[in-house]
Amino acid sequence: MIQATLPAPSLHDEIRQRQPWFHNLHLPDGTQTCPDHWLGDFPAFKWRQLEPHLPADLRGWNCLDIGCNAGFYTFELAKRGASVLGIDLDRHYLDQARWACSQFRLDHSVRFEQTQVYDLARRSEQFDLVLFMGVFYHLRYPLLGLDIVSQHVKRLMVFQSLTMPGEEVFAATRDRTMNERDLMTQPGWPKMAFIEHSFAGDRTNWWAPNHAAIEAMLRSAGLRVTARPGHEIYLCEPDPQSPSCTVTWDRAEFLSATGQEASP
Ligand SMILES: C[S@@+](CC[C@H](N)C(=O)[O-])C[C@H]1O[C@@H](n2cnc3c(N)ncnc32)[C@H](O)[C@@H]1O
């Protein structure tokens with residue numbers, strides 16, 4: 001009896017089966033997962049802005065890629081020698097990431113987990129490098145998310161967010177009086193636009209902070225901006241001179257918000 005064997009799916013078939021793609025991965029043979037991406041060669045063009053600011057050799061670095069999607073940044077860090085944990089809440093994107101990981105043969109240094117950014121509050125690992133890119137504005141509770149994430153940063157964090165236009169910074173915000181509230185309407189006062197009913201076709205786009213707000217929130221989370229590698233991208237590091245209020249005077253609120261108990 002002649003047995004019909006189905007031909008193995010081609011790489012293009014496998015990519016098609018896993019559509020839609022948000023990351024245009026360049027697979028080892030040059031095949032791309034989303035060559036007609038509406039943002040261009042995304043996120044390779046962002047990586048080209050960022051990568052000169054990161055160590056070329058990441059051997060021995062333990063990295064976390066939050067909202068890893070199909071794993072573009074995860075793989076780039078792993079190619080530099082890092083161990084990387086990629087987390088995302090979306091199983092579809094994680095399936096893409098796991099499949100692509102085997103294409104790149106990076107399974108020995110990469111792990112993926114389906115989890116929410118808030119779940120990090122119940123984990124104790126510290127990461128040399130945390131990528132927190134393209135996630136902040138998708139959070140309904142963004143500052144809680146940032147406060148949780150910042151507590152896992154040992155050396156560096158890369159933060160990227162959708163923003164409101166404008167580069168102004170109104171710095172004299174310290175302890176103003178009730179009668180000075182008109183200052184809050186200054187373009188450079190730190191602020192976030194709240195998006196109630198979807199934005200760019202995505203109902204999880206909740207917020208758009210301005211540049212001043214991003215800097216202020218990062219500072220308030222105990223981080224210092226050291227570089228701005230590209231539009232909306234901030235490189236930062238823990239600032240021991242100015243720790244987050246969530247580890248000092250506002251600790252009780254943070255513990256309560258994350259379902260943790262204060263030690264007696
Ligand atoms: C705009 S994409 C950014 C992907 C990638 N970080 C980048 O910068 O190209 C947002 C990603 O974050 C994930 N995401 C959204 N909210 C999340 C949350 N609360 N916890 C973990 N991942 C989340 C989405 O599933 C999606 O893959």
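This is a predicted model: local features need pLDDT of at least 70, side-chain atom pairs count only at pLDDT 80 or more; totals for chains, interfaces and linings use all residues.

Residues are numbered from 1 along each chain as its sequence is written, and side-chain values use heavy atoms, with hydrogens and water left out.

**Stop 1: the ligand**

Select the ligand and the 20 residues around it; the nearest are His 23, Gly 67, Asp 88, Gln 116 and Met 133. A residue counts as near if one of its heavy atoms lies within 4 Å of the molecule. Eleven residues of this shell are nonpolar, seven are polar and two are charged. In this scheme, Ala, Val, Leu, Ile, Met, Phe, Trp, Tyr, Cys and Pro count as nonpolar, Asp, Glu, Lys and Arg as charged, and the others, Gly among them, as polar.

**Stop 2: the largest pocket**

Where does the ligand sit? It sits in the largest pocket, meaning that more than half of its atoms lie within 2 Å of the pocket's grid points. A pocket is found on a 1 Å grid over the protein atoms alone, as an open set of points where a 1.4 Å probe fits, with protein on both sides within 12 Å along at least five of seven lines; lining residues have an atom within 4 Å of a point.

The largest pocket holds about 1100 Å³ of space. Its lining has 37 residues, and those closest to the centre are Phe 22, Gly 134, Tyr 137, His 138 and Asp 202. Highlight helix 2 (44-50), strand 1 (62-66) and strand 2 (83-88), each of which supplies at least two lining residues. Helices (H or I, at least four residues) and strands (E, at least two) are DSSP runs, numbered from the N terminus. By class, the lining comprises 20 nonpolar, eleven polar and six charged residues.

**Stop 3: the second largest pocket**

This pocket contains about 650 Å³ of space. Among its 26 lining residues, Ala 216, Met 217, Arg 219, Ser 220 and Cys 245 are closest to the centre. Which helix gives the most to this lining? Select helix 6 (211-220), which contributes the most, with six residues.

**Stop 4: backbone features**

Go to the loop between helix 1 (11-17) and helix 2, where Pro 20 lies. A cis peptide bond joins Gln 19 and Pro 20, with omega about 0°. Pro 43 is found in the loop between helix 1 and helix 2 as well, and a cis peptide bond joins Phe 42 to Pro 43.

Finally, select Asp 175 in the loop between strand 5 (153-160) and strand 6 (192-194). Although Asp 175 is not a glycine, its phi is positive, at about 45°.

Technical notes: Grid points are joined across faces, edges and corners, and a volume is the space filled by probe spheres set on the points.
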